[in-house]
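Please look over the sequence and the model below before reading on. The briefing that follows takes up one topic at a time, and each point can be checked against the picture.

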Amino acid sequence: MDQIRLLWEYQQADMEVSKMENSIKRSPNRQKLVKYRDYLVSQQNVMKRIESEVSAMADRLEALKDAISMTEDQYKALKQKVESDQATDAKAVQQLMNEAKRFLNNLTAYEQEIKRIRKDAADRERLQHDVKVRAAKAKAEFDKLKVAFDAEYKEKTVELEGLKAKAAELAKPVEAAFMERYEAIKRHSVPPLAKLNGDQCTGCNMSLPSAVTRKIKAGELIECETCGRLLVIL
Ligand SMILES: [Zn+2]
């Protein structure tokens with residue numbers, strides 16, 4: 001059998017291998033798995049963000065509690081000062097009262113902030129709960145799909161191995177120079193060989209000059225000037 005015919009037969013087997021590889025890659029189960037995985041990762045990131053927000057809130061609450069107890073102490077000291085009648089003139093009394101008012105205003109502001117933080121924290125807790133429920137549902141779907149995909153993958157891998165073995169067998173009698181040319185064309189055009197049909201390349205359907213078709217018919221190895229495939233007559 002001539003080299004071109006051997007190469008053509010190898011190409012049939014090689015294309016079967018590619019088809020099976022693509023079928024594994026493009027499996028709807030696999031694509032759904034990738035989607036679920038991406039979703040789970042995004043939900044994990046949401047959880048992480050919430051956790052860091054909640055931890056920042058807890059820190060702020062601690063700081064506010066400290067500020068409140070400090071202000072309360074200051075307020076108490078001020079009250080004692082007033083009660084012990086240290087301030088005699090009206091100006092000094094006014095000053096003390098202003099100070100007391102400032103402490104009370106601060107306390108109110110701290111307490112309002114605490115209330116706000118507690119509400120935010122409760123909102124986040126609800127959000128955390130929702131995210132957990134959604135993620136758990138997605139994880140269950142993911143696990144179910146994974147079982148189906150694994151079975152499908154196993155089956156297709158066995159088939160793929162068979163197709164690869166067949167292609168390897170058909171590659172054996174092909175001379176190295178022909179195989180190298182095949183692989184080089186395959187990098188830009190698949191399949192690399194195209195039959196000549198009249199004056200047309202069946203790879204890209206372009207017509208070839210008659211001088212070229214004559215050469216091909218005479219047995220010359222010529223690549224299509226449009227798609228680069230090796231033109232063959234079998
Ligand atoms: Zn072509």
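In this predicted model, the buried residues of helix α1 are Leu7, Tyr10, Gln11 and Asp14. These buried residues pack against α3 (90–171), α4 (176–186) and β1. An α-helix has 3.6 residues a turn, so residues three or four places apart point the same way.

- Helix α2 (residues 28–83) has 56 residues and reaches 81 Å from its first C-alpha to its last, which is close to the 82 Å expected at 1.5 Å a residue.
- After α2 comes Asp85, a residue whose phi is positive, near 65°.

**Overall build**

- The secondary structure of the protein comes to five helices and three strands, and read along the sequence these follow the pattern α-α-α-α-β-β-α-β.
- Along its principal axes, the C-alpha trace of the protein spans about 125 × 40 × 25 Å.
- The radius of gyration of the protein is 39 Å, whereas a compact globule of 234 residues would have one near 17 Å.
- Of the 234 residues of the protein, 7% count as buried.

**Two domains**

- The protein is divided into domain 1, which covers residues 3–174, and domain 2, which covers residues 179–232, and the C-alpha centres of the two domains lie 55 Å apart.
- The contact between the domains takes seven residues from domain 1 and six residues from domain 2.
- On the side of domain 1 that touches domain 2, the largest share, five residues, comes from helix α1 (residues 3–25).
- The residues on that side of domain 1 divide into six nonpolar, one polar and no charged.

**The sheet**

- Strands of a sheet pair through backbone hydrogen bonds, either parallel or antiparallel.
- Here, three strands form an open sheet in the order β2-β1-β3, and the pairing is mixed.
- The edge strands, each of which pairs on one side only, are β2 (200–201) and β3 (230–232).
- Strand β1 (residues 193–197) pairs with β2 in the antiparallel sense over two bridges, with Leu196 opposite Cys201 in β2 and Asn197 having Gln200 in β2 as its bridge partner.
- Strands β1 and β2 form a hairpin with two residues between them, and in the turn Gly198 has a positive phi of about 65°.
- Strands β1 and β3 pair in the parallel sense over three bridges, and Ala194 stands opposite Leu231 in β3.

**Glu225**

- Glu225 lies in the loop between α5 (210–217) and β3.
- Glu225 counts as partly exposed because 13 other C-beta atoms lie within 10 Å, while a residue would need 20 or more to be buried and 12 or fewer to be exposed.
- Glu225 and Gln80 are 145 residues apart in sequence, and from C-alpha to C-alpha they are 102 Å apart in space.

Terms used
Residues are numbered from 1 along each chain as its sequence is written. This is a predicted model: local features need pLDDT of at least 70, side-chain atom pairs count only at pLDDT 80 or more; totals for chains, interfaces and linings use all residues. Domain bounds come from an automatic or database domain assignment. Two residues are in contact if their C-beta atoms, placed from the backbone, lie within 7 Å. Helices (H or I, at least four residues) and strands (E, at least two) are DSSP runs, numbered from the N terminus. Ala, Val, Leu, Ile, Met, Phe, Trp, Tyr, Cys and Pro count as nonpolar, Asp, Glu, Lys and Arg as charged, and the others, Gly among them, as polar. The radius of gyration is taken over C-alpha atoms; the globule rule is 2.2 Å times the number of residues to the power 0.38. The expected span of a helix is 1.5 Å times one less than its number of residues. Two strands pair if DSSP finds at least two bridges between them.
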